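I opened this model to look up how its chains are built. My entries follow in the order I made them.

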Amino acid sequence: MSVKLTIRQVGDVTVIDATGRITLGEGASTFRDAIRDLATKGDKKLLVNLSDVSYIDSSGIGEMVSGFTTVTNHGGQLKLLGLSKRVKDLLQITKLYTVFEVFEDEAAAIRSFT
Amino acid sequence: MVERDLLLDSTLDSVEIAEDAVLHDAQEIGFAEEDLHQIGMAVRETMVNAVVHGNRYNARKKVHLSVLKAPDRLTVVIADEGEGFDLNALPNPLAEENLLRQSGRGLLLIQAFVDEFQVRRGQPGGTEVRMVKYLAKAS
């Protein structure tokens, strides 16, 4: 199963609920296209919910970094919510925990956007 | 030692085939779930490198997968027929200036997930990656 993205609005924050796998191929490109579309549309507060993502490979990580850069370049913020232990480990190994703001709780994540 | 040898096309489908085959062998040895995840990811990343960066999806080039099963370890060798690369010439993905690069983290993850990792020039060409995961060292 590739990734399925559901987009919802909580106040002025756009929450992207991801389900499945973000890996090289369809999963990574679906994720990339969605983030670029939102950034281009002018959404500036993006929260990516990875609670139901079972697998991310280096391509998926690359797309998350690319999404972060795209949103930042458009003057916005991209943050992460609900990381599994495996995804947290990936961020530790790749030192990307120094790049991404990560939250366990959605309400706290929503409040953190300025 | 029990050996599995597969000759795979340079497609992304081969990545799935290799991952499934190696995980089947790893399960038979008795690796725990988290170790299976790490082995699967190391194989996936190595296969992607072989198909995408090594063979560049060239239909005339193959990826060679060998799996050696021992009671205490799993050895996986993946070789492509590409141009080869210099491991030392790759940018360090952990350097501050490279953290926001989109790619270049595959080898880092592979090395984090297996106990032994070697890259060498293949015969007659291409790149050969050899990975070992020990059951005893598995956490």
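**Chain B, then the sheet of chain A**

I began with contacts in chain B: of those between residues at least 6 apart in sequence, 66% join residues at least 24 apart. A contact here means C-beta atoms, placed from the backbone, within 7 Å. I noted that this is a predicted model, where local features need pLDDT of at least 70, side-chain atom pairs count only at pLDDT 80 or more, and totals for chains, interfaces and linings use all residues. Residues are numbered from 1 along each chain as its sequence is written, with chains lettered from A and ligands numbered from 1 in the order written.

Next I checked burial. In chain B, 33% of the 139 residues are buried (20 or more other C-beta atoms within 10 Å of the residue's own, C-beta atoms being placed from the backbone).

I then listed the elements of chain B: three helices and five strands. They run β-α-α-β-β-α-β-β from the N terminus. Both kinds are DSSP runs, helices (H or I) of at least four residues and strands (E) of at least two, numbered from the N terminus.

I turned to chain A. Its five strands form an open, mixed sheet in the order β1-β2-β3-β4-β5. Strands β1 (4-10) and β5 (102-103) of chain A are at the edges with a single partner strand each, so one side of each has no neighbour in the sheet. Pairing requires at least two DSSP bridges between two strands.

Which residue of β3(A) is the bridge partner of Thr19(A)? I found Asp52(A). Strands β2 (residues 13-22) and β3 (residues 45-56) of chain A pair in the parallel sense over eight bridges.

Methods
A residue is buried if 20 or more other C-beta atoms lie within 10 Å of its own, exposed if 12 or fewer, and partly exposed in between; C-beta atoms are placed from the backbone. Two residues are in contact if their C-beta atoms, placed from the backbone, lie within 7 Å.
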